[in-house]
Amino acid sequence: MIELPDLVTGGLTAGTLSALALAGGLLRARRRQTRQRAEIAALRTRLDGSLKAFTAEVEHLASRRVPAAARRVAHPHVAVPGPLQPLTVGTPLGIALENVVLALQAETAAQRTSVDAAAQAGMRGAVREIQAALYRLQDALRGLQQRYDDPELAQTLFRLDHENEQSLRRAQVTAVVCGAWVGLAREESHLVDAVTGGQARLAGYHRVQVHNHLEPGTALVSHAVEPVAIIVAELLDNALRHSAPDTDVVVSLEHVHHGVCVTIDDAGLGMTLDERERAQRLVAGDEPILLTELGDPPRMGLAAIGRLTRQFDLGVDVSSTSPYGGVRAVLRVETHLLSHLDPADRPPAASAPRTTRTARKAFPDPPGPSHAYGAETGAPETATGHHEPRDEDDGLPQRRRRTRPATPAPAPARAAERRPARSPEEAAAALGALQSGTAAARAAVANTGAGASGETPADHIDQTDDEEGAAR
């Protein structure tokens with residue numbers, strides 16, 4: 001039988017052990033709680049730091065990266081700053097922020113293009129009205145030139161017509177930049193006429209020297225005439241504006257392997273490397289043209305060239321330096337845009353420079369001067385023993401023009417062929433002198449009365465007019 005003290009002692013021992021175990025558990029729980037509190041505090045501190053870093057990153061995105069990204073759309077040289085914390089690069093946060101920048105750039109570019117297209121459409125409509133008014137003014141001025149005979153009035157009308165032509169050129173270039181058609185449809189024309197036509201649209205046309213080395217009859221197809229004239233006018237305008245007023249601009253027309261090249265050399269200041277690269281990008285026409293990229297006021301000449309080169313498959317290069325220290329601009333016209341006109345049936349304009357070449361022949365000619373455009377069809381040459389007409393049996397063409405008798409051209413006609421081309425001022429002066437002489441003759445006939453012959457002054461006037469028409 002167990003005694004009572006032993007039971008009490010065992011219970012006390014068990015209670016003591018239980019108390020000790022409970023105390024140890026409480027102590028471990030308290031330590032665990034303390035450790036958890038420390039971890040929570042550390043996580044809270046880290047979270048606060050992350051929140052502050054994220055807030056700073058978003059503020060950096062809004063104040064620095066987004067404006068720079070928007071400016072870069074219009075100015076590619078602007079650098080867009082990276083994230084504020086380099087450690088965020090490649091992380092989900094960094095990728096998300098970079099997507100924000102890219103989406104902003106894409107939307108800004110789209111909206112910029114849309115706004116510029118609307119501006120071009122509005123300007124295109126306004127310029128179309130201006131062009132129509134200028135064409136009406138041109139018709140009115142030319143009607144006055146044909147109506148009045150006063151030399152001073154004729155000179156004034158010529159100057160007004162030339163000023164109107166320059167305004168029309170600027171309106172036409174603006175319309176082309178804004179996406180309009182060139183505005184004129186012409187028939188096939190000699191390439192040299194297209195070049196001189198572009199030259200005539202400029203204020204300093206007298207400073208341009210054109211050297212024609214093309215074969216006689218080299219012409220442009222109808223849809224390429226006006227674009228070539230516009231491009232030549234704009235390239236010449238740049239050359240004249242950026243060179244001294246006492247220097248000339250040299251234009252050379254040459255045959256190349258794939259067509260014809262029109263080379264324009266000026267003695268101006270030239271261009272820096274950046275300017276040359278930008279000009280080449282514009283004339284290449286590979287990039288879309290926006291009005292906001294053309295400066296203030298907008299410089300539309302090179303932009304119009306870029307539009308035309310892309311539309312009509314032409315080539316322009318302005319990346320070279322001219323032999324005179326300025327800029328060399330080269331317009332290349334491919335073979336599929338070239339045609340041929342018979343100089344005898346459709347000669348070029350009288351003011352166009354004569355070519356230094358002659359038409360291709362089946363046999364070489366003996367050396368001798370050639371004084372007229374297309375001299376192959378002029379007065380016959382004396383046949384020599386080495387250039388007798390061949391028989392048709394040998395399969396070669398006959399040169400019958402050397403043995404066929406022909407009446408020699410009269411001396412005044414040959415003198416006219418050797419006479420150099422008149423400048424526009426000389427032509428205007430000659431026309432004014434002719435009109436003045438006509439008016440004087442009419443007045444003299446009216447004063448004499450012509451009573452003895454039974455004719456009226458009107459008969460003499462009609463006869464004088466007929467003689468003038470024959471002379472012309």
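**Salt bridges and their surroundings**

Reply: Arg169, Arg170, Glu234, Asp237 and Arg241 are joined in a network of salt bridges, a salt bridge being a side-chain nitrogen of Lys or Arg within 4 Å of a carboxyl oxygen of Asp or Glu. The model is a predicted one, where local features need pLDDT of at least 70 and side-chain atom pairs count only at pLDDT 80 or more, while totals for chains, interfaces and linings use all residues. Residues are numbered from 1 along each chain as its sequence is written, and side-chain values use heavy atoms, with hydrogens and water left out.

The total is 12 salt bridges. Side chains of opposite charge can pair when their charged atoms come close.

One of the pairs is Arg65 with Glu98, whose closest N and O atoms are 2.7 Å apart. Arg65 belongs to helix α1 (residues 4-74) and Glu98 to helix α2 (residues 92-147), so this pair ties together parts 33 residues apart in sequence. Helices are DSSP runs of H or I with at least four residues, strands are runs of E with at least two, and both are numbered from the N terminus. Arg65 counts as buried at 2% relative accessibility, whereas Glu98, at 34%, is partly exposed. Buried means under 20% relative accessible area, exposed over 50%, and partly exposed in between, using a 1.4 Å probe and protein chains only.

Arg142 and Asp161 form another salt bridge, at 3.5 Å from N to O. Arg142 is in helix α2 and Asp161 in helix α3 (residues 151-177), 19 residues apart. Here Arg142 is partly exposed at 38%, and Asp161 is buried at 11%. Asp161 also touches Gln138, a residue of helix α2 that is buried at 7%. Leaving out residues up to four places away in sequence, Gln138 is in contact (heavy atoms within 4.5 Å) with Asp161, Asn164, Glu165 and Leu168.

Arg201 and Glu226 meet at 3.1 Å, N to O. Arg201 lies in the loop between α4 (191-199) and β2 (208-212), and Glu226 lies in helix α5, so the pair ties together parts 25 residues apart in sequence. Both Arg201 and Glu226 are buried.

Helix α5 itself has 20 residues, and 16 of them are buried, so the helix is largely enclosed by the rest of the structure. From first C-alpha to last it reaches 30 Å, close to the expected 28 Å, which is 1.5 Å times one less than its number of residues.

The largest nonpolar core has 52 residues, and those with the most contacts inside it are Val177, Val251, Leu253 and Leu331. Helix α5 (residues 222-241) gives the most to this core, with 10 residues. Such a core is a set of buried Ala, Val, Leu, Ile, Met, Phe, Trp, Tyr and Cys residues joined through side-chain atoms within 4.5 Å.

Val251 also has a place in the sheet: it is the bridge partner, in β4, of Val210. β2 and strand β4 (residues 249-256) pair in the parallel sense over 5 bridges, where pairing requires at least two DSSP bridges between two strands. The open sheet has 5 strands in the order β2-β4-β5-β7-β6, with mixed pairing. β2 and β6 (315-321) are its edge strands, each pairing on one side only.
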